[in-house]
Amino acid sequence: MKIIKPGKYPFKAGIYPRMYKDKKPTVRQFAGMGTAKHTNARLKKIDKFGGTGYSIAMDLPTLYGDDSDAPLSRHEVGWDGVAIDTVQDVDDMFDGIAIDQKSVSFTINASAADFMARYISVAEKRGIYPSRLRGTVQNNILGEHYSQNEILFPLEHGVRLSIDLKEFCAKYMPNWYFASYQGYQPRESLCSPAMEIALPFTCAIADAKKLMERGLKFEQFAPRFSFFFDSHNNGMKEIAKYRAARWLWAEITHRLFKMPIPRKYDLKDPKLQSMWCRIHVQTAGCTLQRNRPSNNIVRVSNQVLWAILGGVQSIHANAFDELYCVPTEKGVRIAVDTQLIQQYESGFMDFPDAFGGAHELETETERLYEEAQREVANIENIGGIEEAIKVAYPQKKIHENAVKEIAKLEKWKNEPGKQYFSAKDEGQESELADITKEIEERRGFEKEQLERLRAFKKDRSEIAVQNTLDSVKLAAEKKENLMPILIAAVKTATMGENHGALREVWGGPKAMPLITSRLSREATLKLTGGYKFPRPVRVLIAKGGHDGHTVGFYALQDIFRAMGAEVIHLGLRTTPEIIAKAAAEENVDIVGLSAMVGYAPGFFEDLQKCLVNADKRPPSTKERCPDIEIIGGGIMLPQDEKMIKEKLGIKNIYVPGSSDFSQVIANLKEKFGQ
Amino acid sequence: MKKITWTQRNSLAQGLSLYQKYEHFTIPAPEETNSCWVIGVTGIAAAGKSTLINPLIKALRKKDLTIAALLIDPSSEDGSALLADRNELRDPELDMDNSLFIHSFATRGEKSALTIALPKMISFAKHFVDIVIVETAGAGQTDVEIETCVDTLLQVLAPLGGALTLEKSGQNEKAHIFAVNERESFTNTKQFFALAEIELGRKTDADGWTKKVFLVNALEKKGIDELVEGLWAHKKFLENKKPR
């Protein structure tokens, strides 16, 4: 086996010859919570902890391009990221921070163009040219179509908007990484490691072709592509994955985009840089455990080490309490320290590709390279990733693998010696105490942000807003780059207004596809205990809030169907009012609501209120007809679950990993009979 | 703006459930109203019925009329059903529209039961709204004989097959209006539309109505206004025919 040194084509061992001896991986921790002011304070704290870059998380309403006062934003504002509505929010978020001296990463896709317009506008106000800004914006809308469903427009229009931003950055922002292609999210949805490599690569290929159609040369933009991978538990496989990815990308750039295999390695040569697969890694959120959260510290530490051994450029270590939404301050500190300890104490920083040449690693690298190459070829044969998404190829592949993985995990968890994974212990309550305290604070964010938004709206002229939105609509109908228009528009219009204008011209996203859940037949039967409704029970299932994670939603659908129910599918992004209207019209017996991110008791309280309001039957009939039963599921803190059960009287709440589904079945049996 | 009140909403929903549950259920109803217009929408499984109903309802709603949409989907063999048509009607414009009522039905395997109940359900719904739209899978999926209980029957066609297919399809003579639903994946839509016009259009029914064929694109919402004009033309035709 030929050993290839780091920095040499196909860069299996690393993209730079001296790797970390010259440039340490960026310690990039997620921050972003509450309003701009809260995030500002957190950013300054990260500086103090020793972080070298920012990674800003936005809340769900922002990721979906909505304003904080939109009906769907209730209970989500500032919850799992910072709330951005206006240009003022962006300005305040970086108050007292020299943005031309910092590398900032924004994890945002569907609304990336509007957000970046706000960032650029703030820089302009501070006298900083866009060319001096450094950082990354995720901006891969194709990835959203196959993983998280964070989409605002029909596919082709969403792609156009993201290409507009890429073209603008390629021309005017030479220090900005304007596309970070996600393999992370599909892997978190349990796709295979080969798919984790293949999906982002096919997105990058599609974008490259589009940018070249606009007259750019490959080497003008490709050095600004970066890739975002997961760091899972199995060290050898993960290290092999990063190596295989670099190898395959170098080959793609050479074969498909005619980048020459370098003879002299001039590190400043854009053609050489175009062949590099730059990798940002986040440790695997899906491996974290809910009980005994401190165990996660050990797990994350391993995963950080795999990333270092795999020669990646930047790392985000998950906080041990990330399962409960945005990490707490303590969580962030430990995560940063974990990275620093691995950097300074593991010793591996001085040995690039330390295990390169080891037989097992090389074999695994080659195997993954070949498998990923086959997947890229499959997608290209369908006609590229855009076409593949339309025929649901990647969605299907992810889904298939997830079904397998979940069955495997279920078995694994119950093997002897694995009690540490799901057991609870006494210490847990106190471990959760800090988390609970910080989460309590979050409930106040919504009010504060709404106040900020009101203040901004009060100070502007309605005519100016109307003119601005008209200009956005006009530009959307044409073909030219939208960025200049957006940069001007953000000064007056809010994020929700801009996207509303675009949606008027382009329309909204297509309805979610109907698939089955990841539960196998046996798993479904195990959950229902074989119970069947004695009569055709009608169930309405809906997903509350903006969140597009559909695992729980499809699970509900399959569980109810297994019990013989007629399931009415209301889809994503429903407000309690929409659910109540549908429940009344469909005359359902049960409403199933899945809520993942945000203040869970709030969703259920609103739903309950709306259902009561919708029920305007005379009291005498009300007694005879049973009330609508609410069944809820989602990720929430133990005390929220308790509150929903006790204060709201909603008995049927299922929290994966903590509550028992047989209780829900018992309740249903009691209500509907054997 | 005309509205369906919460009381009406609840009564209508529960009435429909009762009709479906008890085959011989009847409510002593006031006299038949003449003004309500019943539109039936049929077509084979993948023709794009539910995709078309969304822009169709939006276009009809422009005239400030209240609408009840009754969507029928088949039950599975195990008795359960996935009723997904309502999800196709999710739309910021329609989600909280108080002049729109949507109810989904599963066929519940007993084909005859729904056939007996459906005409009663429709005439019950007529008391609450200006327009009733009934969507059902066409022949082959269920045996609901929808044409007997609607005023205007619209059939959605996917541009598949040729002149012979068009001649053979059983329901063709019954529909008053045809919509050929254009889609990217079918390249010969234009040709199919031309054939459909020859085979199905311009034929005169026994009552004197001349059949019409329209080309639409449900997904891109093209040709919808023309189609709605065609539907209105049939309503006008029916009104003129009635003895005054």
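A salt bridge here is a side-chain nitrogen of Lys or Arg within 4 Å of a carboxyl oxygen of Asp or Glu. Keep that in mind for this predicted model.

**Stop 1: the interface.** Show chain A and chain B together. The rule finds four salt bridges across their interface. Select B:Arg86 and A:Glu586: the two form a salt bridge, with the closest N and O atoms 2.8 Å apart. Now widen the selection. Salt bridges with shared partners link A:Arg538, A:Glu566, A:Lys581, A:Glu585, A:Glu586, B:Arg9, B:Arg86 and B:Arg108 into one network.

Colour the whole contact next. Chain A contributes 35 residues and chain B contributes 32 residues. About 2900 Å² is buried between the chains, 50% of it on carbon and sulfur atoms. Pick out B:Trp6, B:Leu82 and B:Arg90. These residues supply 21% of the area that chain B buries against chain A, more than any other three residues.

**Stop 2: the sheet of chain A.** Switch to cartoon. Nine strands make an open, parallel sheet, ordered β5-β4-β3-β2-β1-β9-β8-β7-β6. The edges are β5 (176–177) and β6 (179–182), each pairing on one side only. Zoom to β2 (residues 53–56) and β3 (residues 103–106), which pair in the parallel sense over three bridges. Here A:Ser55 stands opposite A:Ser105.

**Stop 3: helix α13 of chain A.** Select residues 329–345. The helix has 17 residues and reaches 24 Å from its first C-alpha to its last, close to the 24 Å expected. Its buried residues include A:Gly331, A:Val332, A:Ile334 and A:Leu340. What covers the buried residues? Among the covering elements are β1, α1, α12 (295–309) and β9 (314–316) of chain A. Just after the helix, A:Gly347 takes a positive phi of about 85°.

**Stop 4: salt bridges within a chain.** The whole structure holds 58 salt bridges over all chains.

- A:Arg367 and A:Glu364 meet at 2.9 Å, N to O. Both lie in helix α14 (residues 359–382), three residues apart, about one turn of the helix. A:Arg367 is partly exposed at 39% relative accessibility, while A:Glu364 is buried at 13%.
- A:Lys645 and A:Glu641 meet at 3.0 Å, N to O. They are four residues apart in helix α28 (residues 638–646), so about one helical turn separates them. A:Lys645 is partly exposed at 31%; A:Glu641 is buried at 10%.
- B:Lys222 and B:Glu220 form a salt bridge with closest N and O atoms 2.8 Å apart. B:Lys222 is partly exposed at 48%, and B:Glu220 is partly exposed at 42%.

Technical notes. Residues numbered from 1 in each chain as written. Chains lettered and ligands numbered in written order. Predicted model: local features only at pLDDT ≥ 70, side-chain atom pairs only at ≥ 80, totals over all residues. Heavy atoms only, no water. Pairing = 2+ DSSP bridges. Helix = DSSP H or I, 4+ residues; strand = E, 2+ residues; numbered from the N terminus. Expected span 1.5 Å × (residues − 1). Buried < 20%, exposed > 50% of the residue type's maximum accessible area, 1.4 Å probe, protein only. Contact = heavy atoms within 4.5 Å. Buried area = accessible area lost by both parts, 1.4 Å probe.
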